[in-house]
Amino acid sequence: MGIRTGQQFLDGLKDSREIWLEGKRVEDVTTDPKLGRMAKTLADLFDLQHDPMLHDDMTFKSPSTGDPVPLSFIIPKTQDDLLKRRKALEITAEAHHGILGRTPDYVNIQVTATRQMAELHGHTDKRFGDNLIAYHEYIRENDLSLTHCFGHPQVNRGVAVGQQPDPYIPIGVVDTTSEGIILRGAKLLATLAPFSDEIFVPPYRPLRGKEEEMYALGFAIPTATKGLSFICRESWDTGRSTYDQPLSSRFDEMDALAVFDDVLVPWDRVFCYGDVELHNHIVELGIMWRQYMQHVAVKNIAKLEFALGMTHAMVEAIGIGVHAHVQEKVAEIIDTTETVRSYLRAMEADAGPWMGEGIWLSPEPTIAMRHWAPDAYQRVTDIMQQLAAGGLMLTPTEADMESSIRPVIDKYFQGAKIGAYDRVRLFRLVWDFIGTQFGSRQILYERYFNGDVVRLRQGRFQTYDYSKADASLAKFWQETDQS
Ligand SMILES: Cc1cc2nc3c(=O)[nH]c(=O)nc-3n(C[C@H](O)[C@H](O)[C@H](O)COP(=O)(O)OP(=O)(O)OC[C@H]3O[C@@H](n4cnc5c(N)ncnc54)[C@H](O)[C@@H]3O)c2cc1C
């Protein structure tokens, strides 16, 4: 099929998928009042690939057919491949101003990175590596949209995966048949689930040993598989206008728990099974972030530029740019944006071979950005809140704007260089970015979507190569003793 249009993407979502939202099973995610506008947003992103001005920058020739396929599926072999992929990611990220974390290119890159390690996945059973290669080709050639799930339900984080009150709270193997493996349990947290064609579940978290073998899994299946259901959080798209809810109305990518009720995963969709040692080795290598962090950096730059644009407009709107501390705080957002740009350059410029096929982002800037970005984003939103102040509450609705009170609004809600209508619209946008349920979810997303920094940093402490740091101190003592 090659690259899909927005309409083809929407048509693909009309199947028997089981999506639960606010107490009801959704009949059609493309027309549902709480999901439909987000489906349309994603469809518009698929259409970008068909824009004659953007097509060449978003696609490359399929190694199988020669037809154009999305660049997020390229196995990078050179720096130039990485830069091409970056350009495609930028087009998408700039189209949604960095608001969506989970455009399909995100998981496409994760699957591509996993496929780069196909040989490793096939270490004990070659079939699993071959399955990965075939699966990567299948989703590439059909331009599919994927959700993905890592963690097990947040029931008891004080004990191991295999020590939960029910062995099938995490996803575990119930049985195997000639057709495949039967799975029961649940996985979090499937962002984009209602708008996905497939769910990808890679190996996650080291297991304790043979007794947890039933959890040593990696696989992918269609979202509409029998027995698979998704329980969504409430929708932040409440049907309000784009004036009232500029972001919630168009960009609610949705999060869900994926529930597996004796789901059959065919053997040809299994990438890892039953080998705890290999499973743990795959987890410890941290394969996927060595590629998808390029996506994260590109998205963060688009988002920070948007945040800076909003902040700059607010400062102008209410004339606070004359104050030194305001200038200093805006400059901090500029510095944060430019820092991410530097991380991106460094991870690409120092990319090189590692394991498996192709090249990989340079790990050190990639890890450092992964650990630093959540706090940096929180700080940006704190600055925006501090500069907007009470203005975030002086935000009458579109209905007020259209009512007889409008002349009063025009007088008291105007800004230094901006009329009331536009000033209120700007501050409503900022509130949707940092303060509404949608805005709070954005902040939570940036803190956790990429894992728990607390635990990631514990791992950093335990595995970092201290040799240069230790040698520096040893040299200092030597110099001191000789002086
Ligand atoms: C908006 C959003 C979207 C997301 N989208 C996706 C997605 O699409 N796919 C996906 O797979 N995941 C997704 N995630 C999940 C994300 O990966 C997790 O939230 C993250 O890994 C943290 O896990 P948790 O939420 O289960 O928190 P928990 O692990 O339950 O942590 C809760 C608290 O307990 C502490 N804690 C727990 N265990 C330990 C420990 N062993 N040692 C030290 N401290 C501990 C943590 O530090 C934290 O403070 C998303 C998360 C959010 C918020």
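In which hand does H4 pass H9? The crossing of H4 past H9 is right-handed, and the views below set this beside other details of a predicted model, whose residues are numbered from 1 along each chain as its sequence is written. Local features need pLDDT of at least 70, side-chain atom pairs count only at pLDDT 80 or more, and totals for chains, interfaces and linings use all residues, while side-chain values use heavy atoms, with hydrogens and water left out.

**View 1. Helix H4 packed against helix H9.** Helix H4 covers residues 79-95 and helix H9 residues 289-317, and the two pack at an angle of about 40° with their axes 9 Å apart. Helices (H or I, at least four residues) and strands (E, at least two) are DSSP runs, numbered from the N terminus; axes are lines fitted to C-alpha atoms, for helices over the stretch in contact, and angles run from 0 to 180 degrees between N-to-C directions. H4 and H9 are therefore oblique to each other, given that angles under 35 degrees count as roughly parallel, over 145 as roughly antiparallel, 65 to 115 as roughly perpendicular and the rest as oblique.

**View 2. Helix H11 packed against helix H15.** Here residues 363-388 form H11 and residues 437-448 form H15, with an angle of about 160° between them and their axes 8 Å apart. That angle makes H11 roughly antiparallel to H15, and the crossing of these two helices is left-handed.

**View 3. Helix H7 and the residue just after it.** H7 (residues 126-142) has 17 residues and reaches 25 Å from its first C-alpha to its last, close to the expected 24 Å, where the expected span is 1.5 Å times one less than the number of residues. Its buried residues (buried means under 20% relative accessible area, exposed over 50%, partly exposed in between, with a 1.4 Å probe and protein chains only) are Phe128, Gly129, Asn131, Leu132, Tyr135, His136, Ile139, Arg140 and Glu141. An α-helix has 3.6 residues a turn, so residues three or four places apart point the same way. Just after H7, Asp143 takes a positive phi of about 50°.

View 4. Most residues other than glycine have a negative phi, and most peptide bonds are trans.

**View 5. Aromatic pairs and a ring cluster.** The whole structure has 17 aromatic pairs, in which rings of Phe, Tyr and Trp (its six-membered ring) have centres within 6.5 Å, with planes under 30 degrees apart counted as stacked, over 60 as edge-to-face and the rest as tilted. One of them joins Tyr464 and Tyr466 edge-to-face, at 5.5 Å centre to centre and 85° between the planes; Tyr464 is partly exposed at 39% relative accessibility, and Tyr466 is partly exposed at 33%. The rings of Phe476 and Trp477 also form an edge-to-face pair, because their centres are 5.5 Å apart and their planes are at 65°; Phe476 is partly exposed at 45%, as is Trp477 at 49%. Elsewhere, ring pairs link Tyr106, Tyr292, Tyr445 and Phe449 into a cluster.

**View 6. Arginine side chains over aromatic rings.** A charge sits over a ring if NZ of Lys or CZ of Arg is within 6 Å of the ring centre and within 35 degrees of the ring normal. Arg184 lies over the face of Tyr168, at 5.0 Å from the ring centre, and Arg290 lies over the face of Trp354, at 3.7 Å from the ring centre.

Note on methods. A crossing is left-handed if the near helix is turned anticlockwise from the far one by less than a right angle, and right-handed if clockwise.
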